[in-house]
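Here is a walk through one protein chain, from its overall layout down to a few individual residues.

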Amino acid sequence: MHDVLPPASAAWEHVVARFATHAARAGYGLAVTPMLEHTEVFRRVGEDTEVVAKEMYELTDRAGRALALRPEGTASVVRAYVEHRPTPPWKVWYVAPNFRYERPQRGRYRQHWQVGVEALGAADAALDVECIALAHGICVDLGVPGLRLLLNSMGDPEARAAYVAVLRDHLRRAGAHLGEAFRARVETNPLRLLDTKQPEWLEVVERAPQLAEHLGPDALAHFEAVQAGLRALGIPFELAPRLVRGFDYYTRTTFELQTDALDAAQNAVGGGGRYDRLAETMGGPPTPGIGFGLGIERLVLAAGLVDRLSTHPRLDAFVVDASGPGTDREAILVLAELRAAGLRADRAYGGRSLKGQWRAADRSGARYGVMLAPDEAARGTVVVKDLATGAQVEVPRPGLVGWLQARCGPGATRAGDPAPGVPAPGVSAP
Ligand code: HAM
């Protein structure tokens, strides 16, 4: 688990702010759910999955109830849907920590954060397209390099059960020589073998029959509609018949966004898919659903956001008070005025010398130093210094806010601002 502190946390602010903007544009409202749930809630997402069976942080509360720290966001949101029964379609986004007892390494942590969405109440393939386009669009906006979108369909549960029988049969026969661990997996969860990274199992797995060939007619038509929608938007994707995501709830569409900027073992910046039966298994009315989660740590690493944002000024102005000890009334007022006008402004505290205040101004990452000094005050002006170039100008005190706003405020291009929204794929600028 890790701390996220300034200045690196500016990258997090950027990711969350951009995600909130993209999600709001597509009609998603923020959902905040508890970090703890009854363990039962998470068991429903897959008793046999690694995350639930081996990685969950479980505890007993003072009343003896079995609780678990959220290992992933979908179960919590679907639990909230079942509990509150909002009118479908219900579209929400979230930013939340998740806990998994994994082996920590670069891009893999025991507490990680996700931004994501869940949309419940519509089985329409156009909603799959919307979700995938949202996940892809935010990665493009953030500048994730070497992005690949992998797409698969898990089919409907009935057809999948028939396929699992065929698959198990193949793996039993073809993998009889592969040892106890392999044979155990064939019996418990043969689907999970499809995306194995064990080199000695690959040959057998690669020859296995594919789920895509066993989809029922409705699931196949749905899958084709999703692909047609993505093509219409000009979003490139690759069919990945052996993409099996780590939860049992998936039905039909599944997808993953990978980047070549991260190590192969954790190169997924995000993933998601449909879970048309999950609400029912939690005791709710039959309600189709789809969503995705993107790992914030991985987005920040892959897009190199900490370095990219570190060159952006953190403040617009740093007020340097040269009016002498005990007379900082003007500094207090100027600072309040700048902040009320929407400018980002700070000052030094603790009666620092003039030299000390300028040093603090340089360190603060501000774009301009604003000096209040007796001679200039007598002339009704202040000194404004560009902290990057050292150039100074005298600005009339009443015009200070306007002067700074023209250079730093809304409407001016502020270097720290998020990139403007990406144009929709396939749509050219006027
Ligand atoms: P997931 O694939 O387990 O899906 O996680 C989504 C993303 O979270 C991953 O692609 C990765 O970027 C990030 N992530 C996962 N585990 C870690 C970790 N230990 N350290 C750092 N980052 C990690 C889900 O959680 C599903 N709830 C997604 C979903 C939403 N499906 C439907 N709706």
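In this predicted model, the chain is divided into two domains: domain 1 takes in residues 9–156 together with 216–307, and domain 2 runs over 314–408. The C-alpha centres of domain 1 and domain 2 lie 46 Å apart. For the chain as a whole, the C-alpha trace spans about 90 × 60 × 45 Å along its principal axes. Its secondary structure comes to 16 helices and 16 strands.

Of the 430 residues in the chain, 50% are buried. The accessible surface comes to about 20,200 Å², and carbon and sulfur atoms account for 55% of that area. On the charge side, there are 49 positive and 51 negative side chains, with the centres of the two sets 4 Å apart. As for contacts between residues at least 6 apart in sequence, 69% join residues at least 24 apart.

**The nonpolar cores**

In soluble globular proteins, nonpolar side chains tend to be buried together. Which residues have the most contacts inside the largest nonpolar core here? They are Phe19, Tyr28, Phe182, Leu230, Phe292, Leu294 and Leu299, in a core of 86 residues. Helix H5 (residues 125–142) gives the largest share of this core, with ten residues. Apart from it lies another core, this one of 19 residues, including Val334, Ala345, Tyr368 and Trp403.

Leaving aside residues up to four places away in sequence, Phe19 touches Trp93, Tyr94, Val115, Gly116, Val117, Ile138, Phe292 and Leu294. Two of these partners, Phe292 and Leu294, are also listed among the residues with the most contacts inside the core.

**Buried residues worth a look**

Is Arg18 buried or exposed? Its relative accessibility is 6%, so Arg18 counts as buried. The C-alpha atoms of Arg18 and Leu142 are separated by 8.0 Å, although the two residues are 124 apart along the chain.

Beyond residues up to four places away in sequence, Glu72 touches Phe42, Val45, Asn98, Arg100, Phe247 and Tyr249. Ala165 is 93 residues from Glu72 along the chain, and their C-alpha atoms are separated by 29 Å.

Gly289 is found in strand E11 (residues 289–295). At 0% relative accessibility, Gly289 counts as buried. Which residues does Gly289 touch, not counting those up to four places away in sequence? The set is Ala119, Leu120, Gly273, Arg274, Tyr275 and Asp276. Gly272 is 17 residues from Gly289 along the chain, with 11 Å between their C-alpha atoms.

**Backbone geometry to check**

Most residues other than glycine have a negative phi, and most peptide bonds are trans.

| Site | Backbone feature |
|---|---|
| Pro6 to Pro7 | cis peptide bond, omega near 5° |
| Pro88 to Pro89 | cis peptide bond, omega about -5° |
| Arg85 | positive phi of about 50° |
| Arg252 | positive phi of about 55° |

Where do these sites fall? Pro7 lies in the segment before H1. Pro89 lies in the loop between helix H4 (74–84) and strand E5 (90–99). Arg85 is likewise found in the loop between H4 and E5. Arg252 has its place in strand E9 (residues 251–259).

Arg85 has a relative accessibility of 47%, so it counts as partly exposed. For Arg252 the relative accessible area is 14%, which means that Arg252 is buried.

Technical notes:
Residues numbered from 1 in each chain as written. Predicted model: local features only at pLDDT ≥ 70, side-chain atom pairs only at ≥ 80, totals over all residues. Heavy atoms only, no water. Helix = DSSP H or I, 4+ residues; strand = E, 2+ residues; numbered from the N terminus. Buried < 20%, exposed > 50% of the residue type's maximum accessible area, 1.4 Å probe, protein only. Contact = heavy atoms within 4.5 Å. Core = buried A, V, L, I, M, F, W, Y, C linked by side-chain atoms within 4.5 Å. Areas by Shrake-Rupley, 256 points an atom, 1.4 Å probe, with all protein chains shown as cover. Lys, Arg positive; Asp, Glu negative; His and termini not counted. Charge placed at Lys NZ, Arg CZ, Asp CG, Glu CD. Domains from an automatic or database assignment.
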